[in-house]
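The following note sets out points for discussion on the structure shown below.

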Amino acid sequence: MRGRWRVLGDEVEGPGKFPLVVSTWPFLEAVRAAWKTADSGLSALDAVIEGCSACEELRCDGTGWSDVKEISLVLAIKYWVVGPGGSPDENGETTIDAMIMNGVTMEVGAVAAMRYVSDGIKAAKLVMQHTKHTMLVGEQASIFAISMGLPGPTNLSSEESIEKWTNWKKSKCQPNFRKNVLPVDDCGPYHAESSTTNFGEEACLDTKRTSLDNTVSYKFGIHNHDTISMAVIDKMGHIAVGTSTNGASFKIPGRVGDGPIAGSSGYADTEVGACGATGDGDIMMRFLPCYQVVESMRLGMEPKLAAKDAISRIARKYPDFVGAVFAVDKNGVHAGACYGWTFQYSVRSPDMADVVVYTVVPEIAKA
């Protein structure tokens, strides 16, 4: 069954009852998996796990994308991949960031730059369930996940990701995420420009915001940024949120984006609501937009205004960034806001026959 598509104007009234699933992008099968779990009476946390896991397993391409021809959006959605086989880093390796948050207890589990293990969201859940920590990173996160029973080690690359990386290398590794380094038009090895190696007081006092708006936001888009952020309200009214991502294509190895950061890519509080985000994580994580959205709703702001306010705060400082958020309050009222691109998010509630995809158009033009 195909999902339905709806262009979002104003805030959308929530359903009369739960459960409710809201997710970034038209990841239809992921939303269906989460909905089935929540509708069966299981918890919001269980539903988020099932939804994000479905996205990772299916790589979220081909899961309902045939519906795109029904709308007039020029989106090469087939390139979106979450999970193994997704965005390669500078070395051609795919790594995974993931996070899950329980909006009842405020517990968070996360993994970042995880290698050799494909089950990102399940690894994040294991961190929450079996440690007193919030996040584990890198190869040690992989070792932990495997020791707790997840399959691995396994190669997370695919023919598509390797081909993508090979073509990038042929283009002299352009564009990339390096700045103030030499060489500027080749694949390295890189070294700092002599003018940037001053670690004295002057280097720390950039009061003129030199090069602040010159960040590489333009390199983020639907072709190179692969993220699912999902929120679920279960039949008890409890809320959870989760994210899974490969991060940015050709990122510097070791980079951690906003995906595993609670408050940035997602945030949940059963007393208030939840938020999910996607976009230029290096910029967005500096503002914790999802924490901002939930706190704005806590103070009485409606979801639509809370989402717009969080995005506007970033745009004022970084007029070239690209990003989006969805907001949903504890009553199920949901909305989205975006900047620099057209954003879509998916919803399933009891009064819907199937997943509905909402299209959000930027309301603020780039400067």
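1. The link of Cys173 and Cys187 is right-handed, with 100° about the S-S bond. In this predicted model, the sulfur atoms of the two residues lie 1.9 Å apart. The pair links distant parts of the chain, 14 residues apart: Cys173 sits in the loop between helix H5 (159-170) and strand E6 (181-182), and Cys187 in the loop between E6 and strand E7 (191-192). Cys173 counts as buried because its relative accessibility is 2%, under the 20% limit. Cys187, at 23% relative accessibility, counts as partly exposed.

2. The structure holds 2 disulfides, and Cys275 and Cys290 form one of them, with sulfur atoms 2.3 Å apart. This link is left-handed, with -60° about the S-S bond.

3. Cys52 takes part in no disulfide; the nearest cysteine sulfur, that of Cys55, is 7.0 Å away. Cys52 counts as buried at 0% relative accessibility, and Cys338 counts as buried at 6%.

4. How many of the residues of E11 are buried? The count is 7 of its 7 residues, and the strand is mostly covered. Gly273, Cys275, Ala277 and Gly279 point one way from E11, whereas Ala274, Gly276 and Thr278 point the other way; all are buried. E11 spans residues 273-279, with Thr278 among them. Thr278 is buried because its relative accessible area is 1%, and its side chain is joined to that of Trp25 by a polar contact of 3.4 Å.

5. Which strands pair with E11? Strand E10 (residues 266-269) pairs with E11 in the antiparallel sense over 4 bridges, and the two form a hairpin with 3 residues between them. Strand E12 (residues 323-329) also pairs with E11 in the antiparallel sense, over 7 bridges. Cys275 stands opposite Tyr267 and also opposite Ala327 in E12.

6. Helix H4 (residues 138-147) has Gly138, Ala141, Ser142, Phe144 and Ala145 buried. These residues lie on the same side of H4 because they cover an arc of only 165° around the axis. Gln140 and Ser147, on the other side of H4, are exposed. The cover over the buried residues of H4 includes strand E4 (108-114), helix H3 (120-130) and strand E5 (135-137). Gly149, which follows H4, has a positive phi, near 110°.

7. The largest nonpolar core has 87 residues, and those with the most contacts inside it are Met230, Val232 and Phe321. Helix H2 (residues 44-58) gives the most to this core, with 7 residues. Another core, of 5 residues, lies apart from it and includes Trp168, Val181, Tyr190 and Phe250.

Key: Residues numbered from 1 in each chain as written. Predicted model: local features only at pLDDT ≥ 70, side-chain atom pairs only at ≥ 80, totals over all residues. Heavy atoms only, no water. Buried < 20%, exposed > 50% of the residue type's maximum accessible area, 1.4 Å probe, protein only. Polar contact = N/O pair within 3.5 Å; in protein donor to acceptor, adjacent residues only side chain to side chain. Core = buried A, V, L, I, M, F, W, Y, C linked by side-chain atoms within 4.5 Å. Arc of directions from axis to C-beta. Contact = heavy atoms within 4.5 Å. Pairing = 2+ DSSP bridges. Disulfide = S-S within 2.5 Å.
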